[in-house]
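The report below describes the fold as a whole and then turns to a handful of individual residues. Please keep the sequence and the model in view while reading.

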Amino acid sequence: NPQTYLRGIAVCDNGKDNHRIKGIRLYKAKVWKTKKQIDELDGTTSASHAANCEQWRKAVFCPTGTIANTAVLHTDLQIAWTGAFSNAVQGISLLCLKVTWT
């Protein structure tokens, strides 16, 4: 009986200099409890295709034998066309954790 975890991520930005994220693809791994095995599942498991998604960036993955346990959002304070300021998400990093079996 395996459990599913996040192993990788890809983002799509708006294709502009401010690199605002407009879409996310998640990649998963299956971690088995009954055997010391991790199955890296192929393909996109979840995708968000928001408006203004122009360029998909290369996916990044946790190293072999690890899974993601935290996603860190990288933001930048930007001014909108309305004159208001907002924090735009420009990148996402994964913090990975080694899988251990007892």
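The protein has a radius of gyration of 16 Å, whereas a compact globule of 102 residues would have one near 13 Å. Along the principal axes, the C-alpha trace spans about 55 × 20 × 20 Å.

This is a predicted model, in which local features need pLDDT of at least 70 and side-chain atom pairs count only at pLDDT 80 or more, while totals for chains, interfaces and linings use all residues. Residues are numbered from 1 along each chain as its sequence is written, and side-chain values use heavy atoms, with hydrogens and water left out.

**Overall architecture**

The protein has zero helices and eight strands, where helices (H or I, at least four residues) and strands (E, at least two) are DSSP runs numbered from the N terminus. Read along the sequence, the pattern is β-β-β-β-β-β-β-β. Of the contacts (heavy atoms within 4.5 Å) between residues at least 6 apart in sequence, 55% join residues at least 24 apart.

Buried residues make up 25% of the 102 residues; buried means under 20% relative accessible area, exposed over 50%, and partly exposed in between, with a 1.4 Å probe and protein chains only. The accessible surface comes to about 6800 Å², and 51% of this area belongs to carbon and sulfur atoms; such areas come from the Shrake-Rupley method with a 1.4 Å probe, and for residues only the protein chains shown count as cover.

**Selected residues**

| Residue | Relative accessible area | Class |
|---|---|---|
| Gln 3 | 33% | partly exposed |
| Arg 7 | 11% | buried |
| Ile 9 | 5% | buried |
| Lys 58 | 77% | exposed |
| Thr 66 | 16% | buried |

Arg 7 lies in strand β1, which covers residues 2-13, and the side chain of Arg 7 reaches the backbone oxygen of Lys 28 at 3.0 Å. Leaving aside neighbours within four places in sequence, the residues in contact with Arg 7 include Tyr 27, Glu 40, Asp 42, Phe 61 and Leu 94.

Ile 9 is also found in strand β1, and with neighbours within four places in sequence left aside, its contacts include Ile 24, Leu 26, Ala 59, Val 60 and Ile 92. Although Ile 9 and Ala 59 are 50 residues apart along the chain, their C-alpha atoms are separated by 5.5 Å.

Gln 3, another residue of strand β1, makes a side-chain to side-chain polar contact with Tyr 5 at 2.6 Å. A polar contact is a pair of N or O atoms within 3.5 Å; within protein, one must be able to donate a hydrogen and the other to accept it, and residues adjacent in sequence count only if both atoms are side-chain atoms. Beyond four places in sequence, Gln 3 is in contact with Ala 29, Lys 30, Val 31 and Lys 33.

Lys 58 lies in the loop between β5 (55-56) and β6 (60-61), and its C-alpha atom is separated by 7.8 Å from that of Val 11, 47 residues apart along the chain.

Thr 66 has its place in strand β7, residues 66-79, where a polar atom of its side chain lies 2.6 Å from the backbone oxygen of Pro 63. Not counting residues up to four places away in sequence, Thr 66 touches Cys 96, Leu 97, Lys 98 and Val 99.

Notes
Rg over C-alpha atoms; globule rule 2.2 N^0.38 Å.
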